[in-house]
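Here is a short briefing for a first look. Start with the sequence and the structure below.

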Amino acid sequence: EARGKVVCVLYADPEAGYPPKYARDAIPEIASYPDGQRAPTPASPPDFAPGALLGCVSGELGLRGFLQQRGVEFVVTADKDGPDSELEHHLADAEVV
């Protein structure tokens, strides 16, 4: 049984396909910030490819692996309009929307 439920409404995947070139093809290395504050040091590599479109349904904000490892049910949809939408179906038992 899931330990919680996160429902995420994102943009639908691009109908014409993804752009052939991304603005960034790598994640920059940041050791510290100008004010001297240290940068975060993640324990594991990101769960997405650098340059991937994370804000659409297939990108899932890069969160699926992170949430599933913690036993959280993760629902991602672009279907948000009307009483029979996927969003409406999941709202009643969602802990985070």
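A disulfide here is a pair of cysteine sulfur atoms within 2.5 Å. By this rule the count is 0 disulfides. The model is predicted: local features need pLDDT of at least 70, side-chain atom pairs count only at pLDDT 80 or more, and totals for chains, interfaces and linings use all residues. Residues are numbered from 1 along each chain as its sequence is written, and side-chain values use heavy atoms, with hydrogens and water left out.

**Cysteines**
- Cys8 is buried, at 11% relative accessibility (buried means under 20% relative accessible area, exposed over 50%, partly exposed in between, with a 1.4 Å probe and protein chains only).
- Cys56 is buried too, with a relative accessible area of 5%.

**Lys5**
- Lys5 lies in strand β1, residues 4-9 (helices, H or I of at least four residues, and strands, E of at least two, are DSSP runs numbered from the N terminus).
- Lys5 is buried, with a relative accessible area of 7%.
- Leaving aside neighbours within four places in sequence, Lys5 is in contact with residues including Val72, Glu73, His90 and Asp93 (contact means heavy atoms within 4.5 Å).

**Phe66**
- Phe66 is found in helix α1, residues 64-69.
- Phe66 is partly exposed, with a relative accessible area of 42%.
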